[in-house]
Amino acid sequence: MNNSNATPALQIRDLHVEIRRADTWLPILRGVNFSVAPGCIHALVGESGGGKSMVAKAVTGLLPQAARISGGSICIDGQDVTHWSENQWRTLRGGAVSMVLQDPMTALNPVRRIGAQMADVLRAHTAGADIEATLVGLLEQVQLREPQAVLKAYPHQLSGGMRQRVVIAMAWACRPRLIICDEPTTALDVTVQKQVLRLIHRLAGEGQGVLLVTHDLGVVAKLCRSLSVIHAGRILEEGSVEAVFAQPQHAYTQALLAATPRFDRPEHTLVQVDDGLIDSLNAQARAYDSERRVSA
Amino acid sequence: MSPPLLQVKGLGLSLPDMAHKSLFAAAPMKRIFSNISFELQAGSSLGVIGESGSGKSTLARALTLIMPPQEGELLFRGESVLAFNEQQRINYRSQLQMIFQDPMSSLNPRRRISDIIAQPLQVLGQDVSASDRLDKVIQLLRRVGLDSSLAARYPHQLSGGQRQRVGIARALALQPVALIADEVTSGLDVSAQARIVALLQALRREEGLALIFISHDLSLVRSLCDDVLILRQGEVMEQGAAAQIFSQPRHAYTRDLMDAIALPEPDAGWLERGQTTAGA
């Protein structure tokens, strides 16, 4: 299902985001470009502090108060949402764009039953219909046994894997155009992780664009079609998963791969990411900032 | 031949099950793990693999007597730890030091790095003068690859990887013979993780420290450990030499765990292969 000619589910062009510290605006994202086609799972890969979560926040209209978009654009399903107000975002979030976050316990309200929380999403974005039947259908789709019992349960009564399935069911409930999965399996056991990845893969086959934000190159290799590597708010490399894993072009991508443990190669020593490389990347980012300031 | 450093025979631990406590009666006991046996030779390494609820962290607490085990035997250099008097227990604990999963919650946020690392010296060590103590702290910081200028900082001023190395420096302060590392890299980026793994390998190689490495990550265990013990819901599924178990897993659960490893290599068929049990 490769609709490369169709309108991208997400298109980010030259996105700049700054965050206020005292009196100055510090650049966080420095000209981020990538797009996610419908039916494709695209990965945004990087380490903490690289800006990947800031991208996820920007494309869901959830940037912190102290942050602003200072350049570029974000289009969701062809619609420019770059400077939308919170009221406009409310019509979109949960409807055309939804999220699956790392920790399902914080995504769910601990004192409300699963069924009531899921029903909120449907009531906010869809008209009437038989909500109960829809909810059962959604839970069956994410392969939860005894959906009736799950609807009556509170979040703490479910296992971590079950909770994440509920969150995924909520994210898919309104058939959004774009789903942001931010480290969706990091908190899960490995055997559960595989089941959840399989589920995301199957649901994406329905034609939604999925942006997977992660630090785990193993997950990217198994689940995604394409990826962008981000560091210091800049995309350093992008391409198809086959091409990048076969021949990573950027030194940072190579360093990340060398630092990733290999079960199949026990003698492979984990190569530490070179401090010199990180320093030079940070220097490049600062040079980019001053160049941009001069040209502005 | 001298007895092994640590000998564990049929270790078991139960805790009150608060989830099933009725209002007035005492909570029923729930078995956390049972019948665990292994030997740890000086300088060797044992990987304990398990998913959440397997009892692997509680096992670490039992070995360090934070939660004393109720069943079985625990021998340190051939002597029964559970029969130790208070002074012997203190000595045993200083020989077997623990590094925790989340350095942010295991380091006191209100104390400087130098105080955090020096604390075991003050509490359990041969107490020395303040200047000697600072020398020792700086030596420990260097040992874990941190700059001595970090001594005056607070935990929140350090990165996650640096904090974890402070946790290791503190564990090394009393010159232990063994470290117990409980999921020490699971909150870290791959580059910080690679540094911690290299540090643990260097400590084994250069100082002959024994290591009990508790993790859910089979790849890390395979590269760090001589022996492996696979736990599931408090029971040992399989144990033995790492090379043997990972090349010829006998237990279905071990195979499930191995199937679930996402290698950083594109493979379209991987998602469809292996166990398909739903509803977990």
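**Figure 1. The four-stranded sheet of chain A.** In this predicted model, four strands of chain A form an open sheet in the order 2-1-4-5, and the pairing is antiparallel. The edges are taken by strand 2 (24–36) and strand 5 (79–80) of chain A, each of which has a single partner strand, so one side of each is left without a neighbour in the sheet. Strand 1 (residues 10–21) of chain A pairs with strand 2 of chain A in the antiparallel sense over 10 bridges, and strand 1 of chain A also pairs with strand 4 (residues 67–76) of chain A in the antiparallel sense, here over eight bridges.

**Figure 2. The hairpin of strands 1 and 2 of chain A, with residues that stand opposite one another.** Strand 1 and strand 2 of chain A form a hairpin with two residues between them, and Ala22(A), which lies in the turn, has a positive phi of about 55°. The bridge partner of Arg20(A) is Trp25(A) in strand 2 of chain A, while Glu18(A) stands opposite Pro27(A), likewise in strand 2 of chain A. Towards strand 4 of chain A, Ile19(A) stands opposite Ala67(A). As background to this view, strands of a sheet pair through backbone hydrogen bonds, either parallel or antiparallel.

**Figure 3. The six-stranded sheet of chain A.** Six strands of chain A form an open sheet in the order 6-7-8-3-9-10, with mixed pairing. Its edge strands are strand 6 (97–100) and strand 10 (234–240) of chain A, each of which pairs on one side only. On average, and with direction ignored, neighbouring strands of this sheet are turned by 20° against each other. Within the sheet, strand 3 (residues 41–45) and strand 8 (residues 209–214) of chain A pair in the parallel sense over five bridges, and His42(A) stands opposite Leu211(A) in strand 8 of chain A.

Figure 4. The secondary structure of chain A comes to 12 helices and 10 strands. With a radius of gyration of 20 Å, close to the 19 Å that the globule rule gives for 296 residues, chain A is as compact as a globular protein of that length. Taken along the principal axes, the C-alpha atoms of chain A fill a box of roughly 60 × 50 × 40 Å. Chain B has 10 helices and 10 strands; the radius of gyration of chain B is 20 Å, close to the 19 Å that the globule rule gives for 280 residues, so chain B is as compact as a globular protein of that length. The C-alpha atoms of chain B fill a box of roughly 60 × 50 × 50 Å, again taken along the principal axes.

**Figure 5. Packing of helix 4 against helix 5 in chain B.** The axes of helix 4 (residues 113–123) and helix 5 (residues 130–143) of chain B come within 9 Å and cross at roughly 110°, which makes helix 4 of chain B roughly perpendicular to helix 5 of chain B. Helix 4 of chain B passes helix 5 of chain B in a right-handed crossing. From helix 4 of chain B, Ser114(B), Ile117(B), Ala118(B) and Leu121(B) meet Arg133(B), Leu134(B), Lys136(B), Val137(B) and Leu140(B) of helix 5 of chain B. By class, this contact has six nonpolar, one polar and two charged residues.

**Figure 6. Packing of helix 6 against helix 7 in chain B.** Helix 6 (residues 160–172) and helix 7 of chain B pack at an angle of about 20°, with their axes 9 Å apart, and these two helices of chain B are therefore roughly parallel to each other. Helix 6 of chain B passes helix 7 of chain B in a right-handed crossing. In helix 6 of chain B, Gly160(B), Gly161(B), Gln164(B), Arg165(B) and Ile168(B) meet Ala192(B), Arg195(B), Ile196(B) and Leu199(B) in helix 7 of chain B. By class, the contact between these helices has four nonpolar, three polar and two charged residues.

**Figure 7. The contact between chain A and chain B.** The contact takes 32 residues from chain B and 40 residues from chain A. On the side of chain B that touches chain A, the elements that give two or more residues are helix 7 (190–207), helix 8 (218–224) and helix 10 (252–259) of chain B. Helix 7 of chain B provides the largest share of this side, six residues. The residues on the side of chain B that touches chain A divide into 17 nonpolar, seven polar and eight charged.

Definitions and conventions
Residues numbered from 1 in each chain as written. Chains lettered and ligands numbered in written order. Predicted model: local features only at pLDDT ≥ 70, side-chain atom pairs only at ≥ 80, totals over all residues. Axes fitted to C-alpha atoms, helices over the stretch in contact; angles between N-to-C directions. Parallel < 35°, antiparallel > 145°, perpendicular 65-115°, else oblique. Left-handed = near helix turned anticlockwise from the far one by under 90°. Contact = placed C-beta atoms within 7 Å. Nonpolar A, V, L, I, M, F, W, Y, C, P; charged D, E, K, R; others polar. Pairing = 2+ DSSP bridges. Rg over C-alpha atoms; globule rule 2.2 N^0.38 Å.
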